[in-house]
Amino acid sequence: MENKNTRKFNLRTFLIQNNTYIIFIILFIVCCVLSENFFTVMNLRNIALQQAAPICVALGALFVILTGGIDLSVGSIMAFGACFASIMIRDMHMNFIIAILLSMVLGLLLGAFSGILVACAKMQGFVAALAGIFVASRTVTGAATIGEGQELDAITACVIGGASLSGGSGSVLKSVFGALVLALIGNIMNLLSVPSYPQDIIKGFIIIGAVLM
């Protein structure tokens with residue numbers, strides 16, 4: 001006898017709950033079709049290396065968004081982490097592991113300070129020094145402008161991953177895939193030699209479509 005409590009498969013619910021993964025898979029297939037250079041070990045490795053920092057930022061921003069806040073200092077904290085680690089390694093000749101740990105500790109202290117401001121003074125939340133360390137290690141550069149524009153990408157990755165900007169809902173794994181969706185969009189346009197400014201326009205329309213889905 002069939003169990004009446006067995007839930008029937010609902011395609012619409014399935015698509016809504018898994019839309020981030022579906023968008024990623026569709027984009028991945030499209031990228032493979034558009035460029036023969038996309039599905040190569042070197043290119044996929046580049047995407048993974050490039051997205052280490054944005055994924056860290058997106059995950060940090062997700063925790064802020066879950067509380068109904070918006071991060072205000074992604075770029076500044078990233079630049080701090082990158083510059084501090086770079087100075088310690090280059091100028092102070094410090095062991096890179098110790099320099100990274102110190103950068104993370106100082107980043108945590110900044111986070112704790114901003115947490116006090118959020119809790120006591122009702123200010124917006126701040127995140128992400130680890131991301132700056134990733135960027136510095138990949139580019140061998142520490143600069144004050146290293147994190148410019150990361151705020152928008154981090155928030156966009158979270159929204160594509162289904163996070164609500166009013167707070168209360170979001171997924172770590174989906175935010176990771178949201179960041180990877182942005183990576184695929186940027187990577188395939190670079191492979192197709194799309195100019196920088198049209199890239200922003202195309203990227204915007206794709207993001208609108210993804211968020212609507």
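User: What pattern does the protein chain follow, read along the sequence?
Analyst: The protein chain runs α-α-α-α-α-α-α-α-α, with 9 helices and 0 strands. Helices (H or I, at least four residues) and strands (E, at least two) are DSSP runs numbered from the N terminus.

User: Where do the numbers come from?
Analyst: This is a predicted model, where local features need pLDDT of at least 70, side-chain atom pairs count only at pLDDT 80 or more, and totals for chains, interfaces and linings use all residues. Residues are numbered from 1 along each chain as its sequence is written, and side-chain values use heavy atoms, leaving out hydrogens and water.

User: How many residues does α2 have?
Analyst: Helix α2 (residues 19–34) has 16 residues and reaches 22 Å from first C-alpha to last, close to the expected 22 Å; the expected span is 1.5 Å times one less than the number of residues.

User: Which residues are buried in α2?
Analyst: N19, T20, I23, F24, L27 and C31 are buried in α2. Buried means under 20% relative accessible area, exposed over 50%, and partly exposed in between (1.4 Å probe, protein chains only).

User: Why do they line one face of the helix?
Analyst: Down the axis of α2, the buried residues fall within an arc of 135°, so they line one face. The arc is taken over directions from the helix axis to the C-beta atoms.

User: And what is exposed on the other side of α2?
Analyst: I29 and V33 are exposed there.

User: Switching to the whole chain, what share is buried?
Analyst: Buried residues are 36% of the 213 residues in the protein chain.
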